[in-house]
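The sequence and the model come next.

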Amino acid sequence: MIYRKLNRGLFAAAVLAAASLSLPALAQTLKTGIDATFAPHAMAKLGGGLQGFNIDLGEELSKKLGKKIEIEGTEFSALIPGLNAKKYDFVIAPVTVTPERSKNMLFSDGYLNTDYGFVQKKSAPDIKTVEDLKGKTITVNKGSAYENWARDNAEKLGFKYDVFGTNADAVQAVLAGRADANMSGNTSSAWSAKQNPDLKATLVISTGLVWAMAFRLDDKALRNEMSMAIKCMKQDGSLAKIVEKWLGEKPKPGSAAATITPGFGVPGMEGYDPTPATLACK
């Protein structure tokens, strides 16, 4: 009887020891999410899985960090709540860095400039200025910077807007004639027009803003680690290769994809750490 109890005790100890040994390995997996309909940044591929600019970005970051990154496809509006609920360690989806958002989360170094772009049916008169939006209906992705812009400017510019859970649905509404234009990121707008002969990319509104990855306010260590990996990708050209693959052009000098900024984060925004960062690339 004592022998059995001893064995059980040893077995329990062994289980606890095995569990403790596995903890470091588990800690090497980072979980994140992305809007899986926001092409060319993320989209479904034949045979299953995801492909796109930010999927390749995640794979390269995984190599630089030496950690596995699991990317889950979901609606954009679910990403920040998922981050705050600790479902995700960070958000790899393109998140526009704004002063308002910087009060509630940390951001990595910027990796792409982001402007606002419009897509219309090819048969429609071009929207050339924001004044041309008067009397029109535009579609936007729920929870995005584009929804915020539409809400802030609808009354002033005299347009209506409809909100959709995915950008693919927002674009489909334009194709179906239920809206005059879709507003999204300039890269997404250009991609939509390139993939569909019935669409064209028209007005682009320059923002001076960048896309970056989002982190919880209390996770400066991971933000800094990820920012260092981005700096290394800019230095060794691996980010430029992803830009060329999905956007069809080399990063322009001075752009977010080509510029290694000092410190960690986005200069001029809350949460930016100006402490000079010495490159430590693997």
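## Basis

This is a predicted model, in which local features need pLDDT of at least 70 and side-chain atom pairs count only at pLDDT 80 or more, while totals for chains, interfaces and linings use all residues. Residues are numbered from 1 along each chain as its sequence is written, and side-chain values use heavy atoms, with hydrogens and water left out.

On a 1 Å grid over the protein atoms alone, a cavity is a set of points where a 1.4 Å probe fits but cannot get out, and lining residues have an atom within 4 Å of a point.

Two or more lining residues come from each of strand 1 (29-35), strand 5 (90-96) and helix 5 (145-157), and strand 5 gives the most, with four; helices (H or I, at least four residues) and strands (E, at least two) are DSSP runs numbered from the N terminus. The lining of the largest cavity has nine nonpolar, three polar and two charged residues, where Ala, Val, Leu, Ile, Met, Phe, Trp, Tyr, Cys and Pro count as nonpolar, Asp, Glu, Lys and Arg as charged, and the others, Gly among them, as polar.

## The largest pocket

A pocket is an open set of grid points with protein on both sides within 12 Å along at least five of seven lines. The largest pocket holds about 460 Å³ of space, and among its 22 lining residues Leu112, Asn186, Thr187, Leu247 and Glu249 lie nearest its centre.

At least two lining residues are supplied by each of strand 7 (112-121), helix 7 (186-195) and helix 9, with helix 7 giving the most, five residues. By class, the lining of the largest pocket has 11 nonpolar, five polar and six charged residues.

## Helix 2 against helix 9

Helix 2 (residues 53-65) and helix 9 (residues 238-247) pack at an angle of about 165 degrees with their axes 10 Å apart, the axes being lines fitted to C-alpha atoms over the stretch in contact and the angles running from 0 to 180 degrees between N-to-C directions. Helix 2 is therefore roughly antiparallel to helix 9, a term for angles over 145 degrees.

The contact (heavy atoms within 4.5 Å) involves Phe53, Asp56, Leu57, Glu60 and Lys64 of helix 2 and Ser238, Leu239, Ile242, Val243, Lys245 and Trp246 of helix 9. By class, this contact has six nonpolar, one polar and four charged residues.

Technical notes:
Parallel < 35°, antiparallel > 145°, perpendicular 65-115°, else oblique. Points joined across faces, edges and corners; volume = space filled by probe spheres on them.
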